[in-house]
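Okay, thanks for coming, everyone. Let me put the model up and walk you through some side-chain packing.

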Amino acid sequence: MRSIPKITVGNLQRKVHIDAVDLERFAAKAVQLCLRIRRKKSTELTKLRGIFVWLVSNRRMASLHRQFLGRSGPTDVLTFAHGEIFISVELARRQASRFGNTLTREIRLYVVHGLLHLHGFDDQTESGARRMSEMQERIVRAARMNET
(Lines give C-alpha, C1' and ligand atoms only; values in the text may rest on other atoms or scores of the structure.)
Protein backbone atom coordinates (compact mmCIF):
# COMPACT_ATOMS: atom_id res chain seq x y z
CA MET A 1 0.00 0.00 0.00
CA ARG A 2 1.42 3.39 -0.96
CA SER A 3 1.71 6.10 1.64
CA ILE A 4 -0.02 9.42 1.25
CA PRO A 5 2.27 12.43 1.45
CA LYS A 6 1.58 14.94 4.21
CA ILE A 7 0.61 18.35 2.86
CA THR A 8 1.59 21.57 4.60
CA VAL A 9 0.39 25.01 3.53
CA GLY A 10 2.48 28.06 4.36
CA ASN A 11 1.29 31.61 3.76
CA LEU A 12 4.32 33.76 2.93
CA GLN A 13 2.34 36.76 1.66
CA ARG A 14 0.33 39.36 3.56
CA LYS A 15 -1.68 41.23 0.89
CA VAL A 16 -4.62 38.84 0.62
CA HIS A 17 -6.30 37.00 3.49
CA ILE A 18 -6.27 33.23 2.94
CA ASP A 19 -7.58 30.53 5.27
CA ALA A 20 -4.47 28.31 5.20
CA VAL A 21 -6.01 25.73 7.55
CA ASP A 22 -9.00 25.22 5.24
CA LEU A 23 -6.70 25.06 2.21
CA GLU A 24 -4.54 22.45 3.93
CA ARG A 25 -7.63 20.31 4.64
CA PHE A 26 -8.68 20.61 1.00
CA ALA A 27 -5.16 19.76 -0.23
CA ALA A 28 -5.05 16.61 1.92
CA LYS A 29 -8.28 15.40 0.25
CA ALA A 30 -7.03 16.43 -3.18
CA VAL A 31 -3.78 14.47 -2.87
CA GLN A 32 -5.75 11.33 -2.02
CA LEU A 33 -7.98 11.86 -5.06
CA CYS A 34 -4.96 12.46 -7.31
CA LEU A 35 -3.34 9.25 -6.10
CA ARG A 36 -6.44 7.31 -7.23
CA ILE A 37 -5.56 8.20 -10.81
CA ARG A 38 -3.65 5.24 -12.18
CA ARG A 39 -0.34 5.99 -13.88
CA LYS A 40 1.76 3.58 -15.93
CA LYS A 41 4.86 4.26 -13.87
CA SER A 42 5.79 5.66 -10.50
CA THR A 43 5.48 9.46 -10.19
CA GLU A 44 6.92 12.07 -7.86
CA LEU A 45 3.55 12.18 -6.09
CA THR A 46 3.75 8.46 -5.31
CA LYS A 47 7.31 8.82 -3.96
CA LEU A 48 7.08 12.00 -1.87
CA ARG A 49 6.59 11.88 1.89
CA GLY A 50 5.68 15.55 2.14
CA ILE A 51 4.40 18.35 -0.07
CA PHE A 52 4.63 22.03 0.75
CA VAL A 53 2.21 24.56 -0.74
CA TRP A 54 3.60 28.08 -0.43
CA LEU A 55 1.26 31.06 -0.91
CA VAL A 56 3.41 33.91 -2.15
CA SER A 57 3.22 37.48 -3.45
CA ASN A 58 3.53 38.42 -7.11
CA ARG A 59 6.97 39.83 -6.36
CA ARG A 60 8.28 36.56 -4.91
CA MET A 61 6.64 34.55 -7.70
CA ALA A 62 8.22 36.76 -10.37
CA SER A 63 11.61 36.15 -8.76
CA LEU A 64 11.09 32.37 -8.76
CA HIS A 65 9.77 32.45 -12.33
CA ARG A 66 12.87 34.31 -13.51
CA GLN A 67 15.29 32.19 -11.46
CA PHE A 68 13.97 28.78 -12.47
CA LEU A 69 12.32 29.27 -15.86
CA GLY A 70 14.10 32.36 -17.14
CA ARG A 71 10.80 34.17 -17.70
CA SER A 72 9.87 37.63 -16.49
CA GLY A 73 6.82 38.46 -14.43
CA PRO A 74 4.79 36.32 -12.07
CA THR A 75 2.99 33.13 -13.01
CA ASP A 76 0.04 31.56 -11.22
CA VAL A 77 1.64 28.31 -10.00
CA LEU A 78 5.10 26.73 -10.05
CA THR A 79 5.64 23.09 -9.12
CA PHE A 80 8.97 21.55 -8.22
CA ALA A 81 9.63 17.81 -8.38
CA HIS A 82 10.90 17.72 -4.79
CA GLY A 83 7.40 18.55 -3.58
CA GLU A 84 7.00 22.31 -3.44
CA ILE A 85 4.08 24.12 -5.04
CA PHE A 86 4.24 27.93 -5.13
CA ILE A 87 1.03 29.88 -5.74
CA SER A 88 0.79 33.61 -6.44
CA VAL A 89 -2.20 34.73 -4.38
CA GLU A 90 -2.39 38.15 -6.03
CA LEU A 91 -2.47 36.58 -9.49
CA ALA A 92 -5.02 34.02 -8.28
CA ARG A 93 -7.26 36.87 -7.10
CA ARG A 94 -7.00 38.58 -10.50
CA GLN A 95 -7.65 35.33 -12.39
CA ALA A 96 -10.58 34.42 -10.12
CA SER A 97 -12.25 37.70 -11.01
CA ARG A 98 -11.49 37.20 -14.71
CA PHE A 99 -12.93 33.66 -14.80
CA GLY A 100 -15.86 34.23 -12.40
CA ASN A 101 -14.44 32.05 -9.63
CA THR A 102 -14.08 32.72 -5.95
CA LEU A 103 -10.51 33.19 -4.76
CA THR A 104 -10.77 29.99 -2.74
CA ARG A 105 -11.84 27.97 -5.78
CA GLU A 106 -9.09 29.47 -7.95
CA ILE A 107 -6.39 28.62 -5.40
CA ARG A 108 -7.80 25.12 -5.02
CA LEU A 109 -7.52 24.67 -8.80
CA TYR A 110 -3.86 25.73 -8.58
CA VAL A 111 -3.16 23.27 -5.76
CA VAL A 112 -4.65 20.44 -7.81
CA HIS A 113 -2.75 21.64 -10.89
CA GLY A 114 0.51 21.35 -8.95
CA LEU A 115 -0.43 17.92 -7.60
CA LEU A 116 -1.24 16.68 -11.11
CA HIS A 117 2.18 17.87 -12.31
CA LEU A 118 3.74 15.87 -9.48
CA HIS A 119 1.66 12.90 -10.64
CA GLY A 120 3.16 13.05 -14.14
CA PHE A 121 0.63 15.17 -16.00
CA ASP A 122 1.85 17.81 -18.43
CA ASP A 123 0.09 20.83 -19.91
CA GLN A 124 2.64 21.73 -22.60
CA THR A 125 0.38 20.54 -25.43
CA GLU A 126 -3.21 21.55 -26.13
CA SER A 127 -4.49 18.04 -25.45
CA GLY A 128 -2.42 17.74 -22.26
CA ALA A 129 -3.68 21.10 -21.02
CA ARG A 130 -7.28 20.12 -21.77
CA ARG A 131 -6.87 16.81 -19.93
CA MET A 132 -5.30 18.53 -16.91
CA SER A 133 -8.07 21.11 -16.82
CA GLU A 134 -10.73 18.38 -16.85
CA MET A 135 -8.93 16.47 -14.11
CA GLN A 136 -8.58 19.62 -12.00
CA GLU A 137 -12.31 20.32 -12.22
CA ARG A 138 -13.20 16.73 -11.37
CA ILE A 139 -10.90 16.64 -8.33
CA VAL A 140 -11.98 20.05 -6.98
CA ARG A 141 -15.63 18.98 -7.28
CA ALA A 142 -15.00 15.58 -5.64
CA ALA A 143 -13.02 17.12 -2.77
CA ARG A 144 -15.75 19.69 -2.20
CA MET A 145 -18.39 16.95 -2.04
CA ASN A 146 -16.41 15.35 0.81
CA GLU A 147 -16.42 18.56 2.90
CA THR A 148 -18.44 18.68 6.04
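**Rings and cores**

So, start with Arg 39: its charged end sits over the ring of Phe 121, 3.9 Å from the centre. By "over a ring" I mean NZ of Lys or CZ of Arg within 6 Å of the ring centre and within 35 degrees of the ring normal.

Quick housekeeping. This is a predicted model, where local features need pLDDT of at least 70 and side-chain atom pairs count only at pLDDT 80 or more, while totals for chains, interfaces and linings use all residues. Residues are numbered from 1 along each chain as its sequence is written, and side-chain values use heavy atoms, with hydrogens and water left out.

Now, aromatic pairs: searching the whole structure gives three. Rings of Phe, Tyr and Trp (its six-membered ring) pair if their centres lie within 6.5 Å; planes under 30 degrees apart are stacked, over 60 edge-to-face, the rest tilted. Phe 52 and Trp 54 have centres 6.0 Å apart and planes at 10°, so they're stacked. Phe 68 and Phe 80 sit at 4.9 Å and 70°, so that pair is edge-to-face. Ring pairs also link Phe 68, Phe 80 and Phe 86 into a cluster. Phe 80 is buried at 15% relative accessible area, whereas Phe 68 is partly exposed at 44%. Here buried is under 20%, exposed over 50%, partly exposed in between, with a 1.4 Å probe and protein chains only.

What about the largest nonpolar core? That one has 37 residues, including Ile 51, Leu 55 and Ile 107. A core is buried Ala, Val, Leu, Ile, Met, Phe, Trp, Tyr and Cys joined through side-chain atoms within 4.5 Å. Apart from it lies another, of six residues, with Phe 86 among them.
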